[in-house]
Amino acid sequence: MLRDITLGQYYQTDSVIHRLDPRVKLATTIIYIISLFIFDGIAGYVVAATFLAIIIKLSHVPFKFMVKGMKAIVFLLMITVIFNMFLTPGEPLITVWKLTITREGIKTAVAMAVRLIFLVIGSSVMTLTTTPNHLTDGMEKMMSPLKKIKLPVHEIAMMMSIALRFIPILLEETDKIMKAQIARGADFESGNLIKKAKSMVPLLVPLFISAFRRANDLAMAMEARCYRGGEHRTKMKPLHYERRDYIAYLVVVCYLIIGVIAGKVVGMV
């Protein structure tokens with residue numbers, strides 16, 4: 001399960017998506033997530049699915065690698081679907097004990113499940129095709145206007161970049177600790193919920209100690225190198241928009257227009 005989490009990982013290959021400016025990918029991801037909650041009906045979701053499929057195809061990242069990351073949110077997906085089916089008022093279809101499944105609840109549950117799946121896969125495309133350093137530069141550049149209100153933009157971008165970089169490292173560390181505990185007789189699978197929660201203590205304690213140690217080592221390494229972010233700091237590879245980046249922005253705008261129009265036209269019919 002831990003190896004199935006793809007968030008924060010970078011898949012190295014050569015594609016037009018990899019070569020895009022990180023600001024374009026950040027803006028596109030934000031716009032895509034917003035569009036999932038703006039589009040209405042099946043037509044809007046078809047447009048969103050088509051757009052996502054084209055992006056995945058252009059990224060040259062195997063689709064199986066992206067779907068693998070969905071295993072980590074299966075539990076969250078099930079909770080979302082169940083809650084929406086049973087707690088949405090409307091026309092009753094099936095009654096289970098004191099709970100009723102409604103027609104509107106099924107529609108809402110399906111819509112939320114599709115949105116969540118598209119949201120996770122769409123966000124994974126950005127992290128899989130962009131290195132943490134490029135993400136940091138892109139976020140810092142996009143948030144640069146906030147410097148006028150004394151917001152520590154560089155520190156925020158660096159913090160988010162380090163968090164993304166630490167995700168695969170901590171997952172690997174968790175896997176090693178879990179295997180070591182299992183070799184010593186620990187059982188993480190059997191028992192009720194309370195017993196499973198107690199069995200996680202031998203896993204969480206060394207994991208937190210390892211995480212704090214890594215964070216302390218990183219802070220000391222940065223201080224030893226006299227790292228100072230923010231003003232007057234130059235970059236080895238400054239970001240510059242190219243022709244393909246402007247084309248990408250145009251494609252995203254067209255995607256939004258087509259999705260809104262498709263939803264309205266089908267809704268009128």
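Student: Why is His-60 called partly exposed?

Tutor: The model is predicted, and the computed relative accessibility of His-60 is 48%. Buried means under 20% and exposed means over 50%, so His-60 at 48% counts as partly exposed. Its place is the loop between helix H3 (41-59) and helix H4 (63-68). Phi of His-60 is near 65°, a positive value in a non-glycine residue.

Student: And what makes Lys-150 count as exposed?

Tutor: Lys-150 comes out at 75% relative accessibility. The exposed label needs over 50%, therefore Lys-150 counts as exposed. You'll find Lys-150 in the loop between helix H7 (132-142) and helix H8 (153-183). Here too phi is positive in a residue other than glycine, near 65° for Lys-150.

Student: Why does Cys-254 count as partly exposed, and why does Cys-226 count as exposed?

Tutor: Cys-254 has 35% relative accessibility, so Cys-254 counts as partly exposed. Cys-226 has 59%, so Cys-226 counts as exposed; the cut-off there is over 50%.

Student: What makes Arg-23 count as lying over the face of Tyr-241?

Tutor: Arg-23 is 4.0 Å from the ring centre of Tyr-241. The distance limit is within 6 Å, with an angle condition of within 35 degrees of the ring normal, and Arg-23 is listed as lying over that face.

Student: Which residues form one aromatic cluster?

Tutor: Tyr-32, Phe-39, Phe-51 and Tyr-255. Ring centres pair if they lie within 6.5 Å, and by this rule the count is seven aromatic pairs.

Terms used:
Residues are numbered from 1 along each chain as its sequence is written. This is a predicted model: local features need pLDDT of at least 70, side-chain atom pairs count only at pLDDT 80 or more; totals for chains, interfaces and linings use all residues. Side-chain values use heavy atoms; hydrogens and water are left out. Buried means under 20% relative accessible area, exposed over 50%, partly exposed in between (1.4 Å probe, protein chains only). Rings of Phe, Tyr and Trp (its six-membered ring) pair if their centres lie within 6.5 Å; planes under 30 degrees apart count as stacked, over 60 as edge-to-face and the rest as tilted. Helices (H or I, at least four residues) and strands (E, at least two) are DSSP runs, numbered from the N terminus.
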